[in-house]
Amino acid sequence: MQIRGSSHRLSSMGNNRSRIPALLISMFATFASIYVAGRLWQDAENRVYLIKELDRITGQGQSAISVDDTLKIIACREQHKKLDAIETELAGARQEGFVSKPLIKTNGTYSMRRPLVVIGILTKFGRQKNRDAIRKAWMGSGASLKKIEEGKGIIVQFVIGRSENRGDNQDKDIDRENRLTNDFIILDNHVETNDAFPKKAKLFFAHAADKWDAEFYAKVNDDVYVNIDALGATLATHLDKPRVYMGCMKSGEVFSEL
């Protein structure tokens, strides 16, 4: 009997011990379930909030949103902030006209402020349609061209040389057009040929630097459309730099002395 009683007590102790780990496992599973459910609930709330924000921004109906969509929204917001900052700077530059005042007072007398930039548009014979398109698109003509020069400090001129047969119909056509528009720099010492563009650009820069004491000098071709406001705002941010070369660098280095 004692042996059986001892065995019964030992069996009861063994059963109690086996119940303790099971109870701990059950408690752990319960807490884990509560934690996971809470996280899922929180994620669901965040998801609903992002969906509502996306619907509010886009004005569209209910739609599912993924992690990629969320990242795109964040990236778009950052881009909008950058664009807003650029637009603010551009508006300030427009208000200032890129040059703060047309006149500077020095020792009781007034003198003209330096132009911000002189732009030479390199053109050729037989391209009057291109020039007319540029005048209509961004350069202006007559009073509007003068307004850009006086208000923004930006001087724009077409640049062309002379015909190989000096005085022929090509030269006469350019002279006639210039009498009507008064927006040409005619390089009398340059002969227009297809392979002489580098020399033509160099002659333009020399002529422009000799005629205008500007902050910058620029050249473009007659198939390029320039955003005058953006160009002026960009150049205005570099006025404090003594030597600046800007443009499309295809290859090689920039030579400062020729």
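# Rings, a sheet and a helix

Biologist: How many aromatic pairs does the count come to?
Modeller: Two aromatic pairs, counting rings whose centres lie within 6.5 Å. Keep in mind that this is a predicted model.

Biologist: Okay, what about Phe158 and Phe184, how far apart are the centres of their rings?
Modeller: Their ring centres are 5.7 Å apart, and the planes sit at 40°, so we call the pair tilted. Phe158 belongs to strand S4 and Phe184 to strand S5, so the pair ties together parts 26 residues apart in sequence.

Biologist: Are Phe158 and Phe184 buried or exposed?
Modeller: Buried, both of them.

Biologist: And which residues make another aromatic pair?
Modeller: Phe204 and Phe205. That pair is tilted too, with 5.2 Å from centre to centre and 50° between the planes. Phe204 has 0% relative accessibility, so it counts as buried. Phe205 comes out at 32%, so it counts as partly exposed.

Biologist: Switching to the sheet: in what order do the strands come?
Modeller: There are four strands in an open sheet, running S5-S4-S3-S6, with parallel pairing. On average, neighbouring strands are turned by 30° against each other, ignoring direction.

Biologist: How many bridges hold the S4 and S5 pairing?
Modeller: Four bridges, in the parallel sense. As an example, Arg162 has Val191 in S5 as its bridge partner.

Biologist: Which helices pack on that sheet?
Modeller: H3 does, touching S3, S4 and S5, and its direction makes about 170° with that of S4. H7 packs on the sheet as well, where it touches S3, S4 and S6; the angle between its direction and that of S3 is about 135°.

Biologist: Let's stay with H3. Which of its residues are buried?
Modeller: Arg131, Ile134, Arg135, Trp138 and Met139. Looking down the helix axis, the buried residues of H3 fall within an arc of 120°, so they line one face.

Biologist: What do those buried residues pack against?
Modeller: Quite a list, including strand S3 (117–122), helix H4 (143–152) and helix H5 (169–181).

Biologist: And which exposed residues are on the face turned away from the buried side?
Modeller: Lys129 and Lys136.

Biologist: What span does H3 have between its end C-alpha atoms?
Modeller: H3 (residues 128–139) spans only 14 Å, while a straight helix of twelve residues would span 16 Å.

Methods. Residues numbered from 1 in each chain as written. Predicted model: local features only at pLDDT ≥ 70, side-chain atom pairs only at ≥ 80, totals over all residues. Heavy atoms only, no water. Helix = DSSP H or I, 4+ residues; strand = E, 2+ residues; numbered from the N terminus. Expected span 1.5 Å × (residues − 1). Buried < 20%, exposed > 50% of the residue type's maximum accessible area, 1.4 Å probe, protein only. Arc of directions from axis to C-beta. Contact = heavy atoms within 4.5 Å. Pairing = 2+ DSSP bridges. Axes fitted to C-alpha atoms, helices over the stretch in contact; angles between N-to-C directions. Phe/Tyr/Trp six-rings, centres within 6.5 Å; stacked < 30°, edge-to-face > 60°.
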